[in-house]
Amino acid sequence: MTSPTDHLTHTHTSSVTPDGEGEATMTPEAPGEERHGAHRLLRAVPAVVLLAVLAFLPYVPVEVPGILPGRVNGPGSMQLLATCLVIGGIALSYDVFFGRTGLLSFGHALFVAAGSYLLTISLSTWALPLPFAVLVALALSTVLALVVGAVALRVGGIAFAMVTLAFAQAASIIVMRNPGGVTGGEEGRPLDRDAVPDLLVGVANAPYRYWLALCFVVVAWVVVTLLVRSRAGHAMAAVRENEQRASVLGLGTYRVKLLAIVVGSLLGALGGVVHALVLGGSNPHLTTSEFTLSLLVMVVLGGAGSRWGALVGGVLYTYADARLVEVSNAAFLQDLPVVVRQVLSQPLFILGAFFVVVVYFAPSGLTGLGGRLIRRSGSR
Amino acid sequence: MSDLVLLLVTGVGLGALYFIAASGLSLIYGLMGVLNFAHGVFMTAGAYAAWLTMGALPDGWPVAARLVVGVLVAVAVGAVVGLVVEVVLIRPLYRHHIQQVLVTVGLSLAGVAAAQGIWGADPRPVERPEWMSGTTDILGARLPNDRFVYLLVAVALFAGLLALLHLTRLGLVIRAGVENRTMVEALGINVHRTFTTVFALGGAAAGLAGVLYSQYAGAVSPAQGGSLLIFAFIVVVIGGMGSLTGTAVAAVVVGLVQQLANYYAASGVGDLSVVLLLALVLLLRPTSLKGAMA
Amino acid sequence: MTESNPSAHESSPAAPVLTLDDVHVRYGGSHILQGVSFDVPATGVTALLGRNGVGKTTTLRSIIGLAPRTGRILLEGREIQDRTTARIVRGGIGYVPEDREVFGGLTVEENLRLVDPDRGVDAPVVARLFPDLVSRRGQRAGTLSGGQQQMVSLARVLLRENVLLLIDEPTKGLAPKLVTEVADVLAEVHRTTPILLVEQNLPLVRRIADRVVVLDAGAVVHRGAAADLVADVDLTRELLGVSMRRQGAA
């Protein structure tokens with residue numbers, strides 16, 4: 001019989017199967033390539049239009065009361081949207097592990113934090129110029145991913161999740177201990193303002209940080225798209241669907257998984273770099289297991305194994321986390337008992353409970369649900 | 001010499017706490033393949049239940065008596081929470097292990113947030129019986145008394161669980177189920193009922209761990225369960241995922257390594273060396289992680 | 001589908017103990033059983049044959065609900081496809097899986113007590129059919145030989161009152177002498193309880209089976225008397241890809 005860990009391979013695949021996107025086809029398509037190419041271009045239209053709209057937002061001086069703090073292009077809204085985008089991109093990087101390869105990692109925070117902290121430390125402690133600092137952050141994070149991945153992949157399934165969690169926790173402890181004063185402990189490490197271009201500093205320049213975040217999302221999107229369509233991407237999908245069968249087919253599953261870890265971590269580290277630039281420093285919250293868990297929640301909320309899903313999940317989660325505090329002040333809640341109000345005042349309670357509901361009733365996530373509704377209404 | 005004795009006793013005492021926290025996880029994982037992230041919430045629930053109980057009991061009672069009642073309530077609350085979570089949330093997702101983990105993740109986020117909303121994020125001090133705050137001189141070392149309590153409780157729990165596993169019908173079904181759940185079912189035994197029982201049992205152990213950890217820390221806080229949970233995970237992995245004896249040995253080793261490294265290297269190195277120990281075990285004996293109940 | 005000697009069906013006029021009606025099994029994207037229908041009469045041994053990978057084991061597993069299936073399955077005329085595995089088994093279907101699947105860390109005694117908490121090794125059926133196990137009651141099942149493990153696997157099913165036994169390749173990987181021992185046990189058991197037997201060993205099939213059902217690519221391709229099939233070398237080769245001569249005798 002199967003050992004407990006093997007059960008990971010027999011799970012309910014619907015949650016990790018792309019639903020409603022028509023991407024990540026398992027077999028490379030040979031016939032109809034040209035028509036498919038045109039089809040692909042057509043499919044890209046919504047994404048391009050959305051990108052254009054998003055890029056234009058800093059020129060929109062409109063107030064959206066209740067939705068955004070102040071004008072759309074005001075610094076408050078810009079900063080909120082930039083944060084949402086960065087976290088959305090990081091969720092996209094986590095999905096390379098979870099949704100694409102079926103690796104349940106509880107340690108993604110490690111790589112994001114590595115990118116963030118290595119950037120701030122290279123800029124201030126090591127006094128490197130920004131381009132070098134970014135390169136150093138990415139290179140060291142990749143090495144870290146290789147080491148951690150190589151060790152953690154010695155076990156599979158649930159044990160892999162626990163081991164990655166332990167590594168991330170170790171990093172979190174180091175950061176909190178503030179060795180040699182480089183990580184700043186609980187305070188975090190602020191970005192050295194003199195070491196970055198003026199355009200990225202200051203309240204007035206929030207739109208530039210927003211565009212930077214948008215660029216990161218585009219990069220993450222393109223990398224994930226290329227990866228998914230490559231042979232390695234097909235191998236990852238095969239590992240996700242049925243690891244035993246994939247290894248029978250002669251795919252080196254260890255190498256495939258390690259590649260997924262390295263690419264996902266590299267994107268995560270890039271997300272950490274951008275996060276530090278956008279938020280003006282490294283925050284120890286990035287190292288915590290709560291952060292990894294929230295990434296998992298985002299990806300599943302949006303729809304695992306789908307670019308839209310991970311991105312939308314990340315953006316919505318971050319937005320909700322920032323704005324749900326308002327809910328506790330809503331008028332309709334004032335009649336409820338105090339305890340209920342206290343509980344509902346916690347965005348994480350609402351998100352956690354909502355997440356459980358999604359796992360039950362919409363295993364393919366919100367985008368999967370949306371896709372199904374669109375298709376259903378279209379077929380009528 | 002007296003330093004070493006102190007370190008050994010405090011290390012074993014810490015290991016005892018880890019064992020109590022990990023035993024439920026290990027049982028649940030071994031039998032059901034469910035990595036229960038909500039175990040931390042079970043612990044938090046136990047800790048707060050005991051804290052509230054101790055506060056509600058008349059001040060005239062000695063602290064130790066109130067603590068005993070608090071422990072009983074915590075164990076009961078843990079068992080009920082475990083039972084309800086299994087029946088309502090875990091069982092409908094039978095065979096969908098990733099979904100089960102996800103649900104417990106959601107529960108852990110929501111649970112901690114709920115506790116934070118109601119009682120605030122800051123630690124609340126708990127009352128400790130005077131004797132537990134004191135020390136006893138043995139071999140020239142002043143040993144904190146509370147560690148002996150943790151050790152005693154852990155040994156009793158270990159013996160009780162071993163007796164349960166080896167002397168009862170339930171234990172027989174659990175041991176068989178850890179080896180091969182499907183075959184137990186194929187022999188006409190209702191494994192689901194066993195799952196529910198084991199989850200309640202794990203919840204009770206978590207409740208117990210929660211109270212004792214709050215005694216150790218001198219306070220209750222919403223995030224407490226989560227931080228203990230991470231060490232419990234490490235203990236379960238090192239112990240061989242589902243082996244009770246392995247969990248016990250791993251708990252003591254982890255507690256000792258942590259204390260010794262913290263003292264002889266630097267404060268904080270203990271936590272890191274535990275993670276290194278985990279990496280070492282994985283590199284040297286990856287096959288030990290298959291799991292058997294003993 | 002070929003159907004030799006329809007009288008084999010008529011020879012058991014009583015209602016079938018088990019009926020499979022258009023059973024499908026889909027698993028991880030593959031369609032393993034594609035509408036399997038057949039009856040298992042209430043007496044004797046029905047052998048389920050076919051090449052490797054045609055779905056014999058899946059058929060047995062689908063009957064007791066270990067494989068996700070659609071279609072109807074009737075035990076003594078009552079639909080059981082919506083019941084849990086444990087309930088189906090308690091309803092009277094004993095399952096002896098491929099590869100024995102004894103609990104290796106448990107003793108022989110514990111393996112049996114799992115099914116019969118009160119008697120275990122002391123049950124009369126064990127003394128009668130598996131005397132060897134009585135002397136090994138305290139031994140861990142994982143340390144037993146393959147043949148002994150097969151005996152544990154059979155014994156623990158026979159501790160219960162069954163209306164039907166599903167037995168999957170009981171002689172797989174056993175030495176010839178042990179094959180004979182297992183065959184003796186089956187020959188003894190089938191006098192009281194009907195058996196649906198998956199078996200690759202054709203001499204054994206010839207010895208104890210009354211009827212055969214042959215599967216190919218997830219569907220039934222032949223039903224008939226066992227004697228007719230094993231007597232027809234060409235048909236055997238066509239359906240099973242083996243010939244009696246190459247297999248040797250039991």
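Author: Residues are numbered from 1 along each chain as its sequence is written, and chains are lettered from A and ligands numbered from 1 in the order in which they are written. Because the model is predicted, local features need pLDDT of at least 70 and side-chain atom pairs count only at pLDDT 80 or more, whereas totals for chains, interfaces and linings use all residues.

Reader: How many residues does the contact take from chain A and from chain B?

Author: Two residues are in contact if their C-beta atoms, placed from the backbone, lie within 7 Å. Here chain A gives 44 residues and chain B gives 42 residues. The largest share of the chain A side, 13 residues, comes from α5(A), where helices are DSSP runs (H or I, at least four residues) numbered from the N terminus.

Reader: Where in chain B does pLDDT stay under 50?

Author: pLDDT is the predictor's confidence in each residue, from 0 to 100. Where pLDDT is low, the predicted coordinates should not be read in detail. In chain B the mean is 89, yet residues 289-294 stay under 50.

Reader: Which residues of α8(C) are buried, and which are exposed?

Author: A residue is buried if 20 or more other C-beta atoms lie within 10 Å of its own, and exposed if 12 or fewer, with C-beta atoms placed from the backbone. In α8(C), C:V179, C:L186 and C:V189 are buried. They lie on the same side of the helix because they cover an arc of only 85° around the axis, the arc being that of the directions from the helix axis to the C-beta atoms. The face turned away from that buried side carries the exposed residues C:K177 and C:E188.

How values were computed: Helices (H or I, at least four residues) and strands (E, at least two) are DSSP runs, numbered from the N terminus.
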